[in-house]
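Please read the following explanation alongside the sequence and the 3D view. It begins with a ligand and then turns to the protein chains.

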Amino acid sequence: MPESIIRLRDISKVYEEDIAALCDVSLDVMEKDFVSIVGRSGSGKTTLIKLLIGEEKPTAGEIVINGWDLCNIKSRKIPYFRREIGVVFQDFKLLQQKTVAENIAFALIVLGTPRQEIHKRVPGVLSLVGLSGKGTRFPNELSGGEQQRVAIARAFVHEPKLLLADELTGDLDAIYAWEIMEILLKINKMGTTVLIATHDKSIVNRLQKRVVTLEDGTIIRDHKKGRYVI
Amino acid sequence: MLWLSAIRVLKMGLKNFWRNFWISFATTGIMALTIFSVVVLIILNFIGDSALRSLEQKIDVSVYFKSDVSNEQVQPIREHLDTIPEVKETRYVTKKEALEEFQRKHSDNPLIIASLSELEENPLQPTLVIKARSPEDFSAISSVLKDDQYEGIIEKFNYEDNQIIIEKLNQTIALIEKIGIGVSITFAIISVLVMFNTIRLTIYTQKDEIGVMRLVGASNTFITAPYIIEGVLYGFFATIFSTVTLYILVKYLAPAINTFLEHQVDVYAFFMDHLFLIVIGELVFGAALGIASSMIAIRKYLKI
Ligand SMILES: Nc1ncnc2c1ncn2[C@@H]1O[C@H](COP(=O)(O)OP(=O)(O)OP(=O)(O)O)[C@@H](O)[C@H]1O
Ligand SMILES: [Mg+2]
C-alpha cells in the first residue's frame with residue numbers, strides 16, 4: 001500500500017499586495033506516482049512547486065512532504081529536507097563556468113559525498129539522461145534541451161524520493177519534449193515520485209498519467225488518466 | 001563525511017581568498033596595519049611601563065662622605081640606616097669603586113680618562129646610596145643623616161626627586177595610550193568594513209553557486225563556512241605581514257630606542273621573549289575581526 005508522499009491541506013498562498021496565487025488547494029500524491037500540474041499562465045503552478053520545496057511558506061494550510069511538515073520546519077532543517085527531493089527549474093540554474101560533469105558533481109560535493117562515489121554516479125546519471133560523452137562540455141556548448149537534461153541529471157544524481165520539475169518542456173519542439181518526458185518516465189519507473197508543472201497539452205495527453213488542473217489558484221479538475229482540457 | 005566536507009570547505013575558502021589577488025592583498029594590508037598598530041601600542045605601553053618602574057625604583061638618597069673618611073667610619077651609619085623600615089636597601093660605593101665606575105662610564109672619552117690619570121690621588125668620594133621604599137620616606141632618612149654624631153664625616157646628601165619626571169611620563173604614557181587606542185579602533189573599524197566589502201563581493205560573484213547549493217540541500221554551515229574561512233585567512237596573512245614588518249622594525253630601531261631610554265629597557269629582547277604570545281594574540285585578534293566581518297556579510301547577504 002503506497003503512502004502519500006505529498007499531502008496538501010487547504011493551502012492558500014497570498015503574496016504581498018493581496019495577490020492570491022493559491023486558494024484552498026488540497027492534494028495528495030502517492031509514492032511512485034507521476035502527476036502533471038497544468039493550468040494557464042498565472043494559475044499558480046510555480047507557486048505550488050515553490051511551496052513543495054519549502055522555498056515559500058503557505059499563508060494558510062498544511063503541507064507534509066515525505067514526512068516533513070513544511071509549515072513548521074526550522075530553516076536550518078530545510079537543507080536536510082531538500083536532500084530527499086530533486087528540483088528542476090525552468091531556468092535550469094546550471095553553473096556556466098563548470099562543465100556538465102562538474103555541475104552534476106557539485107550537487108554531490110556539497111553534500112559530502114566521497115570522491116569515488118561521485119566518479120561512479122556522474123557517468124551513470126549522464127547516461128540515464130542520454131548525455132554520455134558530453135560530460136566535459138560547458139553549458140553554453142549545449143542546446144536548450146541538453147541543458148535541461150543536465151538539470152534533470154543534477155536533480156536526480158542523489159536519487160531523491162521525489163522529483164519536481166517546473167515548465168520542463170517550455171521552449172522545446174514536440175519530439176525533443178517527449179524525449180525529456182521519457183527520461184522522467186524512466187526515473188519514475190525506478191521508483192521516484194515525479195511531479196511536473198507544464199502547459200504543454202500534447203505531452204500531457206500522451207502521458208496518460210494523473211493530471212491536476214489549476215485555474216486562478218484552485219484545483220478545478222483531478223483526473224487519474226487525464227487529458228489537458230481547458 | 002564531516003572530515004571530507006571540512007576539507008572541501010577549506011578549499012573553497014582558499015579559492016575565495018585567491019579569487020582576486022589584488023583585492024585580497026589590499027584587504028590583508030589594511031588588516032595588517034590594524035594588527036600592527038595594536039602591537040605597536042602594546043610595545044609602547046611596555047616601554048612606558050618599564051621606564052616608569054625603573055624611575056620609581058630610583059628613589060635614591062645619595063650620601064657623599066668627606067674624601068678622607070674610611071670605610072670603617074661609614075659602617076655605623078650604614079647599620080643604623082639598615083635598621084629603619086623606610087630603607088629598602090643601602091649600597092656602599094668606596095672611593096675605589098667610585099673611581100672604577102666613573103672610568104667605566106666615561107670609557108669612550110679618552111680626554112677625561114687621560115686627565116684623571118694626571119691626578120695623583122683619587123678625587124672621588126665614598127658614597128652611600130640609599131633606596132627608600134617610597135618618596136615619602138625621605139624625611140625619616142634625612143633625620144637619621146642629620147644626627148649630630150655623623151656630622152663630621154658627611155659632606156652632603158641629596159635626594160633625587162623623580163616625582164616630576166614620573167608625573168610627566170605618566171601623562172605622556174596616558175596620552176600615547178589614548179592616541180594608540182583611538183588609532184587602533186579606527187583601523188579595526190576600517191578593516192572590518194573593507195573585509196566586509198570584500199566578502200560581500202565574493203558572495204555576490206557566487207550567488208549562482210549559492211542558489212544551487214541551497215537547491216540541492218547543502219547545509220547552512222557548508223554554505224557559510226568558506227566565507228568564514230576567507231575572513232580567517234585575512235587575519236592569518238595579516239599576522240604574517242605585520243609580524244615580519246614589526247620584526248624588521250624592532251631589529252633595526254631597538255638599539256636607538258634602547259640608547260634613548262638609557263638601556264632601562266630592551267625592546268628587542270621584549271619582542272623576542274614575547275614573540276609567541278604576540279603571534280598568537282595577533283592570530284586571535286585578526287581571525288576575530290575576519291570572522292566578525294564575514295558574519296556581518298553572511299547575515300546581510302546570505303539570509304541565513
Ligand atoms: N513573488 C511573487 N510576488 C508576488 N506575486 C507573485 C509572486 N510570484 C507569483 N506571483 C503571482 O502569483 C500568481 C501565480 O503565479 P505563478 O508563477 O505561480 O503562475 P504559473 O502558473 O507558474 O504561471 P506560468 O505558467 O506563467 O509560469 C500570478 O498572479 C503571479 O503574478
Ligand atoms: Mg510558472
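**Ligand and chains**

The side chain of A:Ser41 places an N or O atom 2.4 Å from an oxygen atom of ligand 1. This is a polar contact, meaning a pair of N or O atoms within 3.5 Å. The model is predicted, with local features needing pLDDT of at least 70 and side-chain atom pairs counting only at pLDDT 80 or more, while totals for chains, interfaces and linings use all residues. Residues are numbered from 1 along each chain as its sequence is written, chains are lettered from A and ligands numbered from 1 in the order in which they are written, and side-chain values use heavy atoms, without hydrogens and water.

A:Gly42 has a backbone N or O atom 2.8 Å from an oxygen atom of ligand 1. For A:Glu167, a polar side-chain atom is 3.2 Å from an oxygen atom of ligand 1. Alone, ligand 1 exposes 630 Å², and the protein buries 65% of that (accessible areas by the Shrake-Rupley method with a 1.4 Å probe).

In total, 13 residues surround ligand 1, each with a heavy atom within 4 Å of the molecule. Helix H1 (45–52) of chain A and strand S2 (19–30) of chain A each give two or more residues to this shell; H1(A) gives the most, with three. Helices are DSSP runs (H or I) of at least four residues, and strands (E) of at least two.

Chain B also meets chain A: 17 residues of chain B and 24 residues of chain A take part in the contact, defined by heavy atoms within 4.5 Å. About 1700 Å² is buried between the two chains, with 62% from carbon and sulfur atoms; buried area is the accessible area (1.4 Å probe) that two parts lose on being put together, summed over both.

Key:
A polar contact is a pair of N or O atoms within 3.5 Å; within protein, one must be able to donate a hydrogen and the other to accept it, and residues adjacent in sequence count only if both atoms are side-chain atoms.
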